[in-house]
Amino acid sequence: MWRGDLALSKETLSPVDMLIFSQLVYSSLESIKYNDYGKTLRELYSALYPDGAPGGSSFVSEDVFSLWQLAVESKRFGDVKLTEFVSRFDTTQEMQFAAATFEYGDVIVVAFRGTDTSIIGWKEDFNMGFESPIPSQTEAVEYVNALPAFRPLSTVSSLFSNKINIYLCGHSKGGNLAMYGGAFCKHPKLIAGIYNFDGPGFDDEVLASKQWSAVEGRVFSFIPESSIVGLILGHCGQHTIVKSDSVGIKQHNPIFWHVQGGGFVQASENSFSSRLFHGTIHRFLASCPKEQRRVLIETAFKVVEASGAADANEIFPGVLLHFGEVRQILQEVSPEDKQALSEMGRIFAEAGSASFSSLVGKLLRD
């Protein structure tokens with residue numbers, strides 16, 4: 001735990017702190033009762049983990065549990081208060097959203113949760129390829145706008161004199177939401193910094209907006225050497241490349257990132273596989289109109305629906321179990337879209353998902 005003996009403050013705040021908050025929000029904060037908001041993380045731990053064991057529905061649940069154990073034992077994080085939490089899951093809107101507000105002294109940190117393993121969460125992520133804003137981005141703006149520090153205007157003015165420091169952060173989709181919420185909120189000048197950890201970027205329209213230009217200098221992005229997720233869509237300023245263990249998409253889990261003090265051990269450049277994926281996916285997106293992207297994504301998730309999967313881990317077994325139904329869906333796809341789906345399979349194979357490529361090829365084969 002980074003300087004667990006040192007109290008949190010503007011002077012000691014570091015990128016590693018922001019990554020820790022970005023991971024703590026992956027826990028099942030839904031179990032915390034409204035009346036308990038305002039309590040310290042140390043006080044909330046037993047309610048969050050009553051069995052003293054991991055829980056939740058994310059790919060980092062066990063790692064987050066271990067992180068909470070370390071956090072509550074430290075002065076630095078144990079005394080931090082959870083003052084707000086919102087979680088919204090809407091299948092109709094295809095939205096999976098969660099955010100929490102942490103406070104200590106003159107520091108307020110809003111952490112946005114990344115994607116869980118739900119199909120809806122993954123569908124919303126893919127929708128970024130043709131839709132802006134997605135529902136979670138709109139929710140992120142509303143969440144930031146609803147911060148008590150943002151209202152009323154007299155309170156906003158007092159923030160400058162009292163030197164309250166507001167930071168936004170998130171990992172994966174959470175990083176994208178932190179950037180979007182900070183750029184498009186009603187008082188972006190009050191945001192001291194935005195920390196994005198391997199989160200996807202934006203389309204050209206957002207990157208060209210005056211809202212983005214106004215906050216870009218306060219955005220700090222970090223990606224692992226073999227980044228995949230953080231290089232999808234448009235660049236969001238300069239990235240700090242972090243040395244990481246593991247390989248390929250597994251580096252998306254920051255438990256493998258190298259930490260030194262309050263910062264990260266930097267790498268000189270992305271891995272060859274990451275650069276290859278980045279170039280290939282951007283060429284593909286540039287050649288694929290938004291309407292075709294929509295058709296491809298809708299088709300892909302029709303396949304998921306036919307598989308009966310409710311969780312990302314169930315997709316491949318479900319597709320094989322319902323192979324005939326899935327094959328029928330894909331037979332109705334136009335030749336042009338079949339070719340595009342095959343190209344998607346090839347791209348993801350280059351990113352390390354060879355099983356996906358093999359499955360797509362088998363399904364599309366006449």
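## Glutamine 137 in helix 6

Glutamine 137 sits in helix 6, which spans residues 135–145 (helices are DSSP runs of H or I with at least four residues, strands are runs of E with at least two, and both are numbered from the N terminus). This is a predicted model, so local features need pLDDT of at least 70 and side-chain atom pairs count only at pLDDT 80 or more, while totals for chains, interfaces and linings use all residues. Residues are numbered from 1 along each chain as its sequence is written, and side-chain values use heavy atoms, with hydrogens and water left out.

Glutamine 137 counts as buried because its relative accessibility is 3% (buried is under 20% relative accessible area, exposed is over 50%, partly exposed is in between, with a 1.4 Å probe and protein chains only). Its side chain makes a 2.9 Å polar contact with the side chain of asparagine 176 (a pair of N or O atoms within 3.5 Å; within protein, one must be able to donate a hydrogen and the other to accept it, and residues adjacent in sequence count only if both atoms are side-chain atoms). Skip the residues up to four places away in sequence, and glutamine 137 touches Met128, Ser132, Asn176, Leu177, Tyr180 and Phe202 (contact means heavy atoms within 4.5 Å).

## Isoleucine 191 in strand 5

Over in strand 5, residues 191–197, you'll find isoleucine 191. With 2% relative accessibility, isoleucine 191 counts as buried. The C-alpha atoms of isoleucine 191 and tyrosine 167 are 5.9 Å apart, though 24 residues separate the two along the chain.

## Salt bridges

There are five salt bridges in the structure (a side-chain nitrogen of Lys or Arg within 4 Å of a carboxyl oxygen of Asp or Glu). One of them pairs aspartate 17 with arginine 76 at 2.6 Å, N to O. This pair ties together distant parts of the chain, 59 residues apart: aspartate 17 is in helix 1 (residues 15–24) and arginine 76 in helix 4 (residues 75–78). Aspartate 17 is buried at 0% relative accessibility, and arginine 76 is buried with a relative accessible area of 0%.

Arginine 88 is partly exposed at 38%, whereas glutamate 139 is buried at 12%.
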